[in-house]
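Hi everyone, thanks for coming. Let me put the model up, and then we can walk through a surface patch, some salt bridges and a cavity.

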Amino acid sequence: MVGNVENEKIQALPEDFVTTTVDDEVEKKREISLGRNVHTTCHEVSEPDDDDDSTGDGEAFMASVLARYRKSLIERTKHHLGYPYNLDFDYGVLGQLQHFSINNLGDPFIESNYGVHSRQFEVGVLDWFARLWELEKNEYWGYITNCGTEGNLHGILVGREVFPDGILYASKDSHYSVFKAARMYRMECVKVNTLVSGEIDCDDFKAKLLCHKDKPAILNVNIGTTVKGAVDDLDLVIQKLEEAGFTHDRFYIHCDGALFGLMMPFVKRAPKVTFKKPIGSVSVSGHKFVGCPMPCGVQITRLKHINCLSSNVEYLASRDATIMGSRNGHAPIFLWYTLNRKGYGGFQKEVQKCLKNAHYLKDRLREAGIGAMLNELSSTVVFERPQEEEFVRKWQLACQGNIAHVIVMPNITIEKLGDFLSELLQHRAKWFQDGKLQAPCIASDVGTENCLCASHK
């Protein structure tokens with residue numbers, strides 16, 4: 001998942017709804033740099049002139065606007081490094097389907113009376129992911145979501161329906177959508193501390209479990225955190241639950257695998273995310289590593305859980321168990337097409353390429369005297385935050401506090417990383433006056449072993 005929203009203005013919940021372990025006042029005081037107001041650059045919608053049909057001026061104007069927009073997209077794509085989107089795709093053959101309003105409203109496994117759907121592609125994709133995560137056809141339920149956030153919202157909702165009085169546990173490095181789910185569902189939420197790597201602190205997790213032994217546990221496990229790309233140790237999490245006295249019928253685990261959920265199965269030394277372990281659901285994004293051109297995702301859960309929140313809808317002649325009603329019917333076709341073209345072998349090659357290029361970037365940064373961290377199993381390279389917001393915007397870097405990151409995706413080449421490094425070093429010489437000024441310490445963010453400030457070199 002992408003970004004951490006920390007400045008949302010929301011109505012505060014009663015204290016007994018949300019328990020946190022971070023210093024919220026410190027979080028609120030930190031200044032956050034927001035993007036430009038889009039109202040200053042938006043394209044207004046105007047009424048066509050009476051003679052537009054004869055002059056064609058309106059069509060010509062819109063064509064020119066779209067041409068300029070396309071040019072800007074090409075330019076911005078060249079300088080995209082900070083967000084986990086695979087921009088290396090070609091779906092030209094699917095252009096023939098854009099003339100149809102394809103809508104998969106309702107349950108993927110039960111046809112609606114609306115006949116222009118792509119359920120046959122959707123279920124094929126779901127079967128592929130169920131096999132990947134080792135869950136039999138007659139034991140799983142799932143659907144293709146409109147984004148990664150919807151997968152988290154659904155997974156946590158299933159957990160809440162299974163355990164209505166359960167407490168949601170999530171590490172403080174979890175995606176913001178997890179805490180949004182807690183607010184939406186009015187769930188008591190306990191934030192768990194993390195290690196410097198961004199991985200959940202399992203000792204702190206166990207301590208917090210012991211404080212609430214009387215209530216079931218609903219846990220979000222990160223298969224790659226948003227900022228640092230850290231992977232929570234699923235086996236150790238389950239062990240801590242058991243040590244705290246939680247039997248398998250008293251906890252529900254949702255695995256947020258937005259990006260790395262589809263990368264880890266193709267890394268030999270990576271721990272397995274599998275339904276053979278006592279987990280309740282897994283979600284991934286389709287527009288990230290897969291490279292779908294529109295936001296989408298995949299959510300898989302156990303079939304036995306879905307009856308808690310499903311109901312039959314006569315209007316649809318189908319069943320309602322999804323978050324959204326209407327669902328993009330084009331997305332399953334794009335996913336199906338990519339899975340068939342690449343297969344397991346293709347994904348494995350792309351994962352290896354990303355990990356290799358991420359190590360290249362990390363090593364080059366450190367050789368240049370820039371503190372950098374790269375977690376094992378991750379393609380997210382974390383380093384000191386650039387000093388100029390214009391530079392950040394040009395390369396579309398994701399930042400948090402004193403750090404920024406580059407997420408190395410299949411479309412990120414060594415050449416592009418080289419261009420970024422050259423420009424970063426040129427600007428950095430200016431920012432720090434060729435060494436007269438010292439770079440900031442980022443040891444608290446990445447660990448002393450990864451910080452190259454004056455105190456930790």
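First, a definition: patches are made of residues with over 30% relative accessible area and no salt bridge, where like charges are joined within 9 Å and nonpolar side chains (Val, Leu, Ile, Met, Phe, Trp, Tyr) within 5 Å. Accessible areas come from the Shrake-Rupley method with a 1.4 Å probe, and for residues only the protein chains shown count as cover. By a salt bridge I mean a side-chain nitrogen of Lys or Arg within 4 Å of a carboxyl oxygen of Asp or Glu.

This is a predicted model, so local features need pLDDT of at least 70 and side-chain atom pairs count only at pLDDT 80 or more, while totals for chains, interfaces and linings use all residues. Residues are numbered from 1 along each chain as its sequence is written, and side-chain values use heavy atoms, with hydrogens and water left out.

So, which residues make the nonpolar surface patch? Phe 100, Tyr 114 and Val 116 do, and the patch covers about 260 Å². Phe 100 sits in the loop between α3 (57-78) and α4 (119-132); helices (H or I, at least four residues) and strands (E, at least two) are DSSP runs, numbered from the N terminus. With a relative accessible area of 47%, Phe 100 is partly exposed, a class between buried (under 20%) and exposed (over 50%), again with a 1.4 Å probe and protein chains only.

Now the salt bridges: the whole structure has 20. Glu 243 and Lys 206 meet in one of them, at 3.1 Å, N to O. Glu 243 lies in helix α8 (residues 234-243) and Lys 206 in helix α7 (residues 202-210), so this pair ties together parts 37 residues apart in sequence. Both ends are partly exposed, Glu 243 at 39% and Lys 206 at 25%.

Another salt bridge joins Arg 269 and Glu 376 (3.4 Å, N to O). Arg 269 is in the loop between β6 (251-256) and β7 (281-285), and Glu 376 in the loop between β11 (372-374) and β12 (380-384), 107 residues apart. Both of these residues are exposed. Back at Lys 206 and Glu 243, salt bridges that share partners join them with Asp 203 and Lys 240 into one network.

Last stop: the lining of the second largest cavity includes Ile 223, Asp 232 and Lys 272. A cavity here is a set of points on a 1 Å grid over the protein atoms alone where a 1.4 Å probe fits but cannot get out, and lining residues have an atom within 4 Å of a point.

Methods: 1 Å grid on protein atoms, 1.4 Å probe; cavity = no way out; pocket = protein on both sides within 12 Å on 5 of 7 lines; lining within 4 Å.
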